[in-house]
Amino acid sequence: MKGHIFMTAIIAIKKNNEIYIGADGVRTCEPNIEHLSDCQSTWKIKRILGSKHCFIATSGDANCGQVIKNIPNLLDGKEDISYNYLINRVIPKIFKICKQSCDTYSENDYGYEIKCSIIITTLNKLFLINDYGRVLESNEMVCMGIGKTQLMLKYQEIRNEDLDAREMVLKCLDHAVSYGRNIGYPLMMMNNINDNAEYIESKNEIEYGYQKSKEKVL
């Protein structure tokens, strides 16, 4: 039996010192599709243990993602880290933990590989880490998953509009859901400003202004 795979759309956007990270809420174990609940323990996004305003999300093998997201004190209690700190301290820690489980780690002709990609957001930074540990840092947006192309297309369309980071994340995710296979509602979002976490069951909640009274977002 195949394991759970996150055929997903995950995006993090930074604008005006706000960082929002959001994901769709579908988990696939072919041929079955599961819609995740409002319980945050099932989300694809998780607050990094020990770093209140930092978040981690994974795409790929769900077991590998759970191992990585539950690494204690991943950022050594820091709220912000540099690119070099991520390369020299955080990624080796991730690979060391994954190496202890043959189900989440492998070696091939290209090097050592974990079975998922990772987004890490800190208080001020966005990082995308691929399955070989290579890092992309962005000042605007990072995304991953099967919905990546649609997320990027929508972001390029709206990047210069007068929208906050939250609205941009919602627009991009809804666009990806509209065109993506095995991705869908609910949507989940967290941010670096406060402790609020959003669970949005359907597009109708956005259209009628989820937490934004009578204001249409999409």
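Author: Here is a walk through some of its labels, each set against its definition. This is a predicted model, in which local features need pLDDT of at least 70 and side-chain atom pairs count only at pLDDT 80 or more, while totals for chains, interfaces and linings use all residues. Residues are numbered from 1 along each chain as its sequence is written, and side-chain values use heavy atoms, with hydrogens and water left out.

Reader: Why is Ala 165 called buried?

Author: Buried means under 20% relative accessible area, exposed means over 50%, and partly exposed is in between (1.4 Å probe, protein chains only). Ala 165 has 0% relative accessibility, so Ala 165 counts as buried. Ala 165 lies in helix α4; helices are DSSP runs of H or I with at least four residues, strands are runs of E with at least two, and both are numbered from the N terminus.

Reader: Which residues does Ala 165 touch?

Author: Leaving out residues up to four places away in sequence, Ala 165 touches Ile 13, Lys 15, Glu 18 and Tyr 20, where contact means heavy atoms within 4.5 Å. Ala 165 and Ile 19 are 146 residues apart in sequence, yet their C-alpha atoms are 6.5 Å apart in space.

Reader: What about Asn 16: is this residue buried or exposed?

Author: Asn 16 has a relative accessible area of 68%, so Asn 16 is exposed. Asn 16 sits in the loop between β1 (10-15) and β2 (18-24), and its phi is near 50°, a positive value in a residue other than glycine.

Reader: And what makes Asn 73 partly exposed?

Author: The value for Asn 73 is 35%, and therefore Asn 73 is partly exposed. Asn 73 is in the loop between α1 (62-69) and α2 (83-99), and has a positive phi of about 55° although it is not a glycine.

Reader: Why is α3 called oblique to α4?

Author: Helix α3 (residues 148-158) packs with α4 at an angle of about 135°, their axes 8 Å apart. That makes α3 oblique to α4. Axes are lines fitted to C-alpha atoms, for helices over the stretch in contact, and angles run from 0 to 180 degrees between N-to-C directions. Under 35 degrees counts as roughly parallel, over 145 as roughly antiparallel, 65 to 115 as roughly perpendicular, and the rest as oblique.

Reader: How do the residues of that contact divide?

Author: Among the residues making the contact are Leu 151 and Tyr 155 of α3 and Met 168 and Leu 173 of α4. The residues of the contact divide into 8 nonpolar, 2 polar and 2 charged. Here Ala, Val, Leu, Ile, Met, Phe, Trp, Tyr, Cys and Pro count as nonpolar, Asp, Glu, Lys and Arg as charged, and the others, Gly among them, as polar.

Reader: How do you know that β10 and β11 pair?

Author: Two strands pair if DSSP finds at least two bridges between them. Strand β10 (residues 126-129) and strand β11 (residues 135-138) have 4 bridges, in the antiparallel sense. One of the bridges joins Leu 126 to Ser 138 in β11. These two strands form a hairpin with 5 residues between them, and Gly 133 in the turn has a positive phi of about 85°.

Reader: What makes β5 and β11 edge strands?

Author: An open sheet of 5 strands has the order β5-β6-β9-β10-β11, with antiparallel pairing. Both β5 (45-47) and β11 pair on one side only, and they are the edge strands. The twist averages 20° from one strand to the next.
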